[in-house]
Amino acid sequence: MKIQCVIFNYNLPKQTDETYDCLIKNNFSPDHIIVVDNGSDKAPPALSTNLLLPFNVRFSGQANTTLKFLMTYRPSDYYLLITTSAGLDPTLNYRSICNHVIDELSGSFGVAMASLIGGETETISPEQSHQDLTHHNIPYRSVYSAQPIMTLVSHQLLSICYKKHAAYFNTDLKRGHGIDIELQHIALNNGLTAVVSRDLWVHWKTNQVHKLNLADESAYEYRCQAQAEMEKCFAKRYGEQWEIQFKSQFAKITGAKIEITTRNRYKFASLRQLWYRIKLAFFKFRK
């Protein structure tokens with residue numbers, strides 16, 4: 001059972017090297033760690049970088065390029081995908097935990113996302129809270145649209161996504177928003193698990209690149225653009241009722257309780273794209 005680690009970096013070399021060092025201490029081989037730099041332009045690449053993209057291709061381009069390369073030339077059974085929003089805890093052995101999670105979920109393993117401590121966990125994704133899972137003694141929980149800060153995903157699931165140009169291979173989701181939802185949707189459609197793990201957890205370090213003024217756009221611009229990309233892509237691919245469809249599937253398969261509104265929040269997708277552009281133009285004018 002081979003696990004290939006991938007660390008995605010853009011302008012955060014210190015945080016990237018800290019993650020790499022932690023994985024090395026956890027007995028991951030350097031040959032099984034890819035550190036991909038997405039054309040950092042406001043900071044030097046991390047010292048651990050071994051795959052350097054010449055310019056910023058956004059997160060979906062970074063993930064798409066890296067995973068296609070690995071799956072073609074260095075395929076593994078599983079991939080541990082880590083963003084610089086993940087603060088790895090030095091008291092944990094992530095290699096042992098990943099092996100344990102894979103063994104427990106056995107042949108139906110699709111994707112397990114890390115539970116979270118800190119950051120915006122309690123306001124944005126409380127069901128993904130490591131403390132809540134620990135308090136209720138729940139080793140795994142199905143969470144709709146969990147934050148993909150650290151993601152353990154099987155080659156089997158990635159291969160399906162690759163063929164469908166979905167999730168990490170959906171380059172219409174340029175900034176990455178919606179990858180988690182589509183990955184979960186594909187996993188459940190194919191009888192694979194899509195859960196949050198209690199034992200696999202990280203500290204959530206939110207918006208680091210924006211707080212350090214190292215991003216190529218403001219946090220507000222990023223959120224507007226990312227949301228617009230997701231809505232436009234999913235409305236075109238799955239129809240304007242995509243959110244109802246996704247949530248209904250999730251509730252039916254997992255048995256989880258989730259609010260499903262009959263009101264279509266994403267109706268008239270093209271008009272909503274225009275509204276986002278107007279908001280962005282007004283924001284830039286004010287700046």
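A residue counts as buried when its relative accessible area is under 20%, as exposed when that area is over 50%, and as partly exposed in between. Keep in mind throughout that this is a predicted model.

**Exercise 1. An aromatic cluster**

Task: Decide whether Phe-246 is buried or exposed, and work out which rings are linked with Phe-246 into a cluster.

Solution: 

Step 1. Start with accessibility. The relative accessible area of Phe-246 is 1%. The cut-off for buried is under 20%, so Phe-246 is buried.

Step 2. Next, look for ring partners. In general, two aromatic rings are described by how far apart their centres are and by the angle of their planes. The whole structure holds 10 aromatic pairs. One of them joins Tyr-238 and Phe-246, with 4.9 Å from centre to centre and 70 degrees between the planes. Planes over 60 degrees apart count as edge-to-face, so the pair of Tyr-238 and Phe-246 is edge-to-face.

Step 3. Trp-242 and Phe-246 both belong to helix H10 (residues 242–254), where 4 residues, about one turn of the helix, separate them. Trp-242 has a relative accessibility of 1%, so this residue is buried.

Step 4. Ring pairs connect Phe-234, Tyr-238, Trp-242 and Phe-246 into a cluster.

**Exercise 2. Helix H6 and its neighbours**

Task: Find which residues of helix H6 are buried, and describe how H2 and H6 cross.

Solution: 

Step 1. Go along helix H6 (residues 155–164) and pick out the buried residues: Leu-157, Leu-158, Ser-159, Ile-160 and Cys-161.

Step 2. See what these residues pack against. Their partners are the helices H2 (58–73) and H7 (179–189) and the strands E4 (78–83), E6 (111–117) and E8 (150–154).

Step 3. Turn to helix H2. Two packed helices are described by the angle between their axes and the distance between the axes. For H2 and H6, the axes come within 12 Å and cross at roughly 115 degrees. The crossing is left-handed.

Step 4. Name the residues that meet. From H2 come Leu-67, Lys-68 and Met-71, and from H6 come His-155, Leu-158, Ser-159 and Tyr-162. This contact is made up of 4 nonpolar, 2 polar and 1 charged residues.

Step 5. His-165 follows H6 and has a positive phi, near 55 degrees.

**Exercise 3. Positive phi in the loops**

Task: Say where Ser-145 and Asn-213 are found, and classify each one as buried, partly exposed or exposed.

Solution: 

Step 1. Consider Ser-145. Its phi is near 60 degrees, a positive value in a residue other than glycine. Ser-145 sits in the loop between strand E7 (140–141) and E8. With a relative accessible area of 23%, Ser-145 is partly exposed.

Step 2. Consider Asn-213. Not a glycine either, Asn-213 has a positive phi of about 60 degrees. Its loop runs between helix H8 (208–211) and helix H9 (219–238). The relative accessible area is 60%, so Asn-213 is exposed.

**Exercise 4. The whole chain**

Task: Find out how the radius of gyration of the protein chain fits that of a compact globule.

Solution: 

Step 1. Count the elements: the chain has 11 helices and 9 strands.

Step 2. For 287 residues, a compact globule would have a radius of gyration near 19 Å, and the chain has 18 Å, which agrees.

Step 3. The C-alpha trace spans about 50 × 45 × 40 Å along its principal axes, and buried residues make up 53% of the 287 residues.

Methods. Residues are numbered from 1 along each chain as its sequence is written. This is a predicted model: local features need pLDDT of at least 70, side-chain atom pairs count only at pLDDT 80 or more; totals for chains, interfaces and linings use all residues. Side-chain values use heavy atoms; hydrogens and water are left out. Rings of Phe, Tyr and Trp (its six-membered ring) pair if their centres lie within 6.5 Å; planes under 30 degrees apart count as stacked, over 60 as edge-to-face and the rest as tilted. Buried means under 20% relative accessible area, exposed over 50%, partly exposed in between (1.4 Å probe, protein chains only). Helices (H or I, at least four residues) and strands (E, at least two) are DSSP runs, numbered from the N terminus. Contact means heavy atoms within 4.5 Å. Axes are lines fitted to C-alpha atoms, for helices over the stretch in contact, and angles run from 0 to 180 degrees between N-to-C directions. A crossing is left-handed if the near helix is turned anticlockwise from the far one by less than a right angle, and right-handed if clockwise. Ala, Val, Leu, Ile, Met, Phe, Trp, Tyr, Cys and Pro count as nonpolar, Asp, Glu, Lys and Arg as charged, and the others, Gly among them, as polar. The radius of gyration is taken over C-alpha atoms; the globule rule is 2.2 Å times the number of residues to the power 0.38.
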